[in-house]
Structures are given as C-alpha cells and as structure tokens.
Amino acid sequence: MSDQGAAPIASSLPPAPPGPPPKTTNRGRSAVPVSTLNSESFDIPEFEPFGAPGPRGFPPMTEYLDIWDVDMMRRPNESNAQQHHTMLFNSDNLLVRRGQEFQIKITFNRPYKPATDMFAVEFVIGSSPQYSKGTHVPVFTTKDRQSSWKGRITDAADSAVTVGITPAATCIVGKYQMYIAVKTPFGIRRTRRDKSRELYVLFNPWASDDAVFLDDEAERQECVMTEMGIIYHGAIDDIAERNWNYGQFNYGVLDACLYILDRADMPVTSRGDPIRVTRMASAMLNSRDDDGVLVGNWSGDYTYGVAPTSWTGSTEILLSYASSKMPVCYAQCWVYAGVFNTFLRCLGIPSRVVTNYFSAHDNDGNLKMDIILDEEGRIDRSRTRDSIWNYHCWNECYMSRPDLPPGFGGWQIVDSTPQETSDGMYRCGPASVQAIKHGQLCFPFDAPFVFAEVNSDVVFYTRDKDGTLEAVKVNRTHIGSAVLTKTPGAMTRRDITDQYKFPEGSKEERTVLEKAEEFGCSREKADLPAGDVDLVLPALEVSVGDSFELSLEFVNRSGQRRTVDAYISGSVVYYTGVSSSEFLFKNPSVTIDPNDSVKESVTVESKKYMKSLVEQANLHFIATGKVKETGKIVSVMRVVTLHNPKLNVKVSAGGKVNEEMTVAVEFTNPFSSGLEGVYIRMEGPGLMLPMSKYYSLIPGNSSLIWTEYFVPQRAGSTRVIASLDCASLRQVNGTASVTIEP
C-alpha cells in the first residue's frame with residue numbers, strides 16, 4: 001500500500017550520540033589546517049619532479065651534485081653554541097638564536113661549482129608548512145636570490161662547503177626540520193628527514209632587531225643565562241629568601257616549554273611574537289581553565305600532590321607535565337613565578353621574578369582595600385572582603401611594545417597565578433611597568449589590576465547599626481610598600497619600587513592617581529584630619545614553637561589626657577592575608593597622660609597558636625582603638641613570620657667535572673613530638689637533577705642524615721638546595737655553595 005499523500009507524524013528527537021563531542025576541524029573553512037603543533041611536522045618529499053617522467057623513468061642522477069654528510073656544528077665548544085649563548089643547554093640538537101648567523105658544514109660527492117650547481121637549505125616548522133606563512137623557509141647562498149633568512153657561503157674546501165645562515169629577527173620560535181635541496185634538470189632532490197638535523201630557534205636578546213633585545217650585558221647574563229635564582233618572601237620587615245633552580249638548560253625542559261604552547265593550540269605562526277607567547281603562557285602555567293601546568297592550592301591539604309613549599313625548582317614540574325600530559329599538583333604564587341621564569345628564560349626572553357610586599361587583591365575593582373569595623377572598633381571579618389597578601393610574586397619580561405606608544409616597551413609584568421580572569425581566562429599581562437608608573441591604565445593588558453596591586457589605599461570604615469559606613473582612617477602607604485628582585489650578578493636584593501610608582505606624597509604621584517581615576521578607578525578622597533593618638537607595634541623575630549611578648553605602645557601627642565578603649569586581635573593567617581583562626585583577643589582600656597606614652601604587653605603562648613598554625617607560619621596582629629575624648633579610631637597592623645629550623649647541607653670538597661662527589665643533608669627535629677610523612681628534596685644546576693627521599697617518621701628531638709653521590713657536569717660556581725616538608729612543618733630549607741673545577 002502506498003504512503004503517498006499521508007500526513008507526516010511528529011516524533012521525539014533522536015538520542016544524542018554517546019561519548020564526548022569530537023574536536024572541531026577546519027574542514028569546509030580553510031584549504032589546509034591551521035598548524036598549532038610544533039611537535040607535528042610535514043615530511044617534504046625526497047624528490048620533487050618538474051614534470052612527468054619518461055617511459056623509462058628519470059635517468060640516473062650520478063652526474064649531479066649529491067649530499068654525503070651534513071655537520072650541524074652543534075657541540076657546546078663549537079662556534080655556534082658559543083656565539084649564540086646556547087652552550088649550557090643539555091640537548092642533542094643545535095640551538096641558535098634568531099637574527100644572528102650560524103653555520104653548518106655540507107659535504108658533497110664532489111667539489112661544489114657555483115656557476116652550475118644550485119642548492120638551498122630548507123627549514124620547515126609545523127604540520128602544514130607554507131612559504132607565505134614563514135613555516136617553510138628556503139635559504140639560498142647567492143646574493144641575487146635571498147629569502148627572509150639570509151644565506152652565504154663562508155668557506156669552501158674540496159667537496160665541503162660551510163654555509164652561514166641568519167634567521168630573520170622576527171621568525172617563528174620553535175623546533176625546525178632542516179633539509180638540503182639540490183636542483184637538477186629533472187627536479188629537486190632532498191636529504192631524508194633526520195632527527196640529528198633538527199634545530200631549535202630561540203628569541204635573541206643579543207640581537208638589536210629582535211623584539212626582546214636587552215642592551216645590558218649584566219642584565220642579559222642574569223635574566224637569560226642564570227639558572228639559580230632567589231625568590232623573596234616573608235614580611236616587609238622580616239624579608240626571607242627562597243632559592244630556586246630554574247634549570248632552563250636541563251635536558252627536556254625546552255621541549256616541555258614548546259609542549260606548553262602546543263597544548264594551548266597556539267598557532268605556530270604566532271610564536272615569533274613575544275607579546276602573544278607570554279600572554280598565552282600566563283594562561284597555560286595555571287590549570288584553572290585549560291589543563292595548564294600547575295594546580296593552585298592554598299588550602300593546606302596537599303594529600304594528592306606535592307606541597308608548594310616543598311618544590312626546589314622548575315625542572316621536575318615541567319618534565320612531569322610534558323610526560324604525563326596532566327597538570328602538576330600543587331602551586332602557589334612563587335611556584336607559578338619560578339616555573340614561568342624558566343619558560344621565559346628557556347625560550348630566550350629576558351625575565352626575572354618580582355615580589356610585591358603587601359599586595360592588594362581587590363575584590364570590587366576600585367583602589368580601596370576596605371576594612372570594616374563595628375561600633376566598638378573591632379574588625380567585622382564577615383563583611384571585610386578584600387585581602388592584602390603579605391607578599392605576591394609575579395614575573396617581569398623584557399620586550400618592545402609596538403602595540404603601545406613609544407616609551408612603554410621594556411619591562412612588562414606577566415602573572416600566571418590565577419587571581420582574576422582576563423579576556424575570559426585566568427591570566428595577567430603583559431602590562432607595561434612604565435604604564436603602571438604613569439597611570440596609563442588604558443594600555444593592554446590588565447594594567448588596572450596590576451596598578452591596584454601596588455597603589456591601593458587601606459580604608460578603615462565604621463559600620464553603624466543601620467548599615468551605613470563612614471571612613472575613619474586611610475593608610476595610603478601600606479600597599480606596595482616594597483617591590484624587590486634579585487640583583488644581577490649578585491646574591492643580594494634590589495629594590496625596584498621606584499620603577500612602579502613615584503615617591504609617596506609627591507606631586508607626580510598625585511598626578512598619576514588623578515589620571516588613574518580618569519580611567520575609572522575610584523579612590524577614597526576623604527582627607528581625614530590626623531588624630532593625636534598613635535599606636536606602635538614593633539617588628540618581632542620569633543621561631544616556631546616559641547612564646548613571646550607583644551608590646552603595644554600608645555603615644556599621646558596632645559596636651560590633654562586621653563583614654564583609649566583598645567582591641568588587640570591575633571590571628572593565624574595564610575600569606576594571602578586570609579584569616580584561618582583567631583587565637584588571641586584582648587580589650588584593654590588605657591589612659592595616657594599629655595605628651596606621654598604607655599606600653600601594654602600581651603603574652604602570646606605558643607600552645608595557643610601552634611594548634612592552628614598553617615603553612616608559612618604567619619601571625620597577623622591588628623590593634624584598633626577608639627579615643628573616648630575625640631571619638632577618633634586608631635589602628636596598627638603587624639605580620640609576624642615565624643622562623644622555621646634550617647637544613648644543614650654539606651658538600652664534599654675538591655669538586656671536579658665528571659668526578660664523583662657527595663652531599664649530605666642533616667636535620668634535627670627541634671620539637672618534642674614526632675614529624676610524620678616527611679619529604680626531603682634536593683637539586684643543583686650543573687650538579688644533579690631533582691632527588692627526593694621519604695621518611696614516615698622523624699621522632700622528637702632526633703636527627704637524620706641523608707647522603708647522596710653525584711657527578712658534576714660542568715665547571716663553575718653553583719649551589720645545592722634542599723627542602724624538608726611535612727604537614728606539621730613547612731618551608732624548611734638549606735643551601736650549600738660549591739665551586740667545580742674543570
């Protein structure tokens with residue numbers, strides 16, 4: 001029976017296909033796929049005919065030029081590595097920097113005849129090489145025929161020819177395949193693909209035409225060539241140092257850095273632009289939205305990974321990410337900054353780790369860190385949302401900024417710690433340091449966020465019962481109190497605060513803040529009269545487990561007696577300024593005679609803070625008070641970083657390259673209770689790769705010695721760094737300097 005003429009019957013939708021949706025492709029959109037993987041490459045045919053072969057095929061080509069051998073001249077002591085400053089890389093391949101000539105030696109089957117013989121050196125990167133995209137670059141040796149990469153014959157002897165090749169100063173950075181192509185009357189024949197002829201092209205801070213050119217040899221040596229760095233932490237009045245092995249020259253690290261860009265699906269054609277590379281990397285170093293390198297964790301529970309305080313360098317992290325293809329657990333700001341620094345230096349972008357003390361994490365987009373007090377002058381923690389990090393680490397990298405007006409190149413801020421989203425992803429920068437200093441917040445990228453980190457005001461508000469807020473005190477100097485980095489060529493710190501802002505209270509600073517307001521940043525403009533009573537809380541140095549006296553001084557600068565109802569609060573806090581628990585609360589009432597001072601001492605018992613102590617052992621004290629006679633609010637804050645015990649690291653004397661040495665790590669548990677689940681790690685650039693050892697229990701007041709053998713790989717001065725970490729005791733470190741003779 002025919003169905004013609006029957007009415008269509010509506011039915012339910014078909015079920016969705018099972019499994020994850022397939023990855024979208026370029027089919028129907030472009031003729032060739034967009035190359036986003038440096039690890040994938042296109043095999044160029046060995047013979048490319050000019051036309052169809054005759055009935056008997058192509059004739060024998062024995063009379064034409066043929067390649068017998070190609071010497072990449074890749075050994076560390078040869079001219080390429082020395083002149084391109086890549087001699088420290090532990091790699092099986094040639095590494096060169098763009099914008100600078102390198103040489104290869106080609107041996108033919110007979111002497112080369114310039115009049116009749118024609119050959120080219122071809123470089124290919126990515127899976128769909130195209131001449132117009134700069135992913136297929138032929139290099140010719142004749143002056144009348146040159147491509148974007150310059151070529152010339154520097155030497156010819158018998159059948160060997162040495163070719164000098166200069167990659168363009170704007171070329172793609174990554175791993176290239178190299179072929180030698182010879183032209184015959186019947187077609188072009190090439191060498192076969194050979195892994196030994198792969199080469200890496202890096203950014204070049206020594207080349208004036210490169211966007212990352214840095215015209216300061218001391219800075220170049222520090223910010224590109226130095227493997228061992230210092231990352232500053234602690235508190236502004238008790239600055240601590242953390243040694244970090246960047247390890248940018250270790251075997252496999254460069255491939256891991258290129259894998260990060262592959263994992264981001266970054267088009268290969270964009271990888272010659274340091275602005276795009278650093279912005280993409282700032283997103284990929286964290287795992288918040290793209291399965292990037294590191295998982296952030298500030299909770300204190302690191303059961304399923306490595307505690308951030310346990311890491312001693314970047315090598316283990318990057319190699320683990322490249323091999324497992326999974327984010328590495330766990331990180332906090334200095335770990336992000338340390339690994340990001342390795343990425344940048346490895347690719348040839350000058351970079352350094354920077355620490356900002358009292359860094360504002362502003363939750364509502366203004367230039368105010370709001371601290372809410374109740375009617376009695378005590379902090380209302382449920383309504384105080386903004387957090388002031390004791391310190392925060394980010395990176396600076398050096399590059400030109402052709403996308404900005406002249407004068408805003410140079411050092412650029414990049415930050416991979418996931419704090420706020422930028423263009424939909426957790427990343428920050430590059431933001432011009434000059435733009436931050438001069439209040440040009442309209443310039444990309446993320447300048448307003450960085451500006452607030454170093455320029456916010458701390459505003460104390462009192463909250464009435466009806467919910468109204470009144471500003472009672474403004475501290476304009478607390479945030480961004482110091483910006484520090486390592487001094488080039490020395491083991492000392494360098495204060496670069498003046499690169500971020502003008503002196504507090506200066507005319508220039510007021511102009512900058514007014515300009516920032518034009519771009520939408522709101523400030524507290526209340527010009528509150530100064531009170532006549534001050535609170536002083538001196539700095540303290542305290543070891544973990546010690547009880548101590550906290551001395552609070554009330555200073556009366558008036559000619560009349562003053563009575564202050566004060567509140568003294570002590571809290572265990574994370575270094576991000578987030579409170580964990582309050583362990584101290586006192587509310588003394590103090591009477592001060594005219595032009596006099598009174599000290600109020602409070603005993604802080606270790607048993608009260610030890611049971612709630614979190615990593616990095618920060619105690620935050622805040623004292624606030626209300627002057628009865630004037631109604632003014634006075635306040636003072638102080639962060640006390642408790643000092644941990646140290647590891648004792650000893651290295652055997654008389655070190656020489658390729659001769660076995662020993663290193664011993666010694667530790668004594670200073671507490672009466674045992675330490676459980678203890679990890680000890682150590683490493684040293686040019687000495688040893690990361691090593692670790694696990695101890696299930698270190699009994700109270702007992703000692704351990706861990707001894708290992710290692711063989712130094714290169715001469716020079718370096719250090720062994722070690723860390724001890726467990727749930728009960730974080731951030732225990734030790735170092736030993738060593739000089740290795742050739």
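# Exercises on a predicted model

Phe583 is buried, with a relative accessible area of 11%. Buried means under 20% relative accessible area, exposed over 50%, and partly exposed in between (1.4 Å probe, protein chains only).

This is a predicted model: local features need pLDDT of at least 70, side-chain atom pairs count only at pLDDT 80 or more, and totals for chains, interfaces and linings use all residues. Residues are numbered from 1 along each chain as its sequence is written, and side-chain values use heavy atoms, leaving out hydrogens and water.

## Exercise 1: an aromatic pair

Task: Classify the ring pair of Phe583 and Phe621.

Solution. 
- Step 1. Recall the rule. Rings of Phe, Tyr and Trp (its six-membered ring) pair if their centres lie within 6.5 Å; planes under 30 degrees apart count as stacked, over 60 as edge-to-face and the rest as tilted.
- Step 2. Survey the structure. A search of the whole structure gives 24 aromatic pairs.
- Step 3. Apply the rule. The centres of Phe583 and Phe621 are 6.0 Å apart and the planes stand at 80°, so this pair is edge-to-face.
- Step 4. Phe583 belongs to strand 30 (residues 579-586) and Phe621 to strand 33 (residues 618-627), so the pair ties together parts 38 residues apart in sequence. Helices (H or I, at least four residues) and strands (E, at least two) are DSSP runs, numbered from the N terminus.
- Step 5. Phe621 is buried, with a relative accessible area of 0%.

## Exercise 2: the largest cavity

Task: Which elements each supply at least two residues of the lining of the largest cavity?

Solution. 
- Step 1. Define the space. On a 1 Å grid over the protein atoms alone, a cavity is a set of points where a 1.4 Å probe fits but cannot get out; lining residues have an atom within 4 Å of a point.
- Step 2. Count and size. There are two cavities of 30 Å³ or more. The largest has a volume of about 90 Å³, where a volume is the space filled by probe spheres set on the points.
- Step 3. Go to the centre. Among the 14 lining residues, Glu222, Arg345, Arg352, Thr485 and Lys486 are the closest to it.
- Step 4. List the elements. They are helix 2 (217-225), strand 12 (228-235), helix 6 (333-347), strand 16 (351-361) and strand 25 (482-486). Helix 2 gives the largest share, three residues.

## Exercise 3: strand 25

Solution. 
- Step 1. Take one partner. Strand 16 runs antiparallel to strand 25, with three bridges. Asn356 has Val483 as its bridge partner.
- Step 2. Take another. Strand 26 (residues 493-495) also pairs with strand 25 in the antiparallel sense, over three bridges. Lys486 stands opposite Arg493.
- Step 3. Inspect the hairpin. Six residues lie between strand 25 and strand 26, and Gly489 takes a positive phi near 75°.

Technical notes:
1 Å grid on protein atoms, 1.4 Å probe; cavity = no way out; pocket = protein on both sides within 12 Å on 5 of 7 lines; lining within 4 Å. Pairing = 2+ DSSP bridges.
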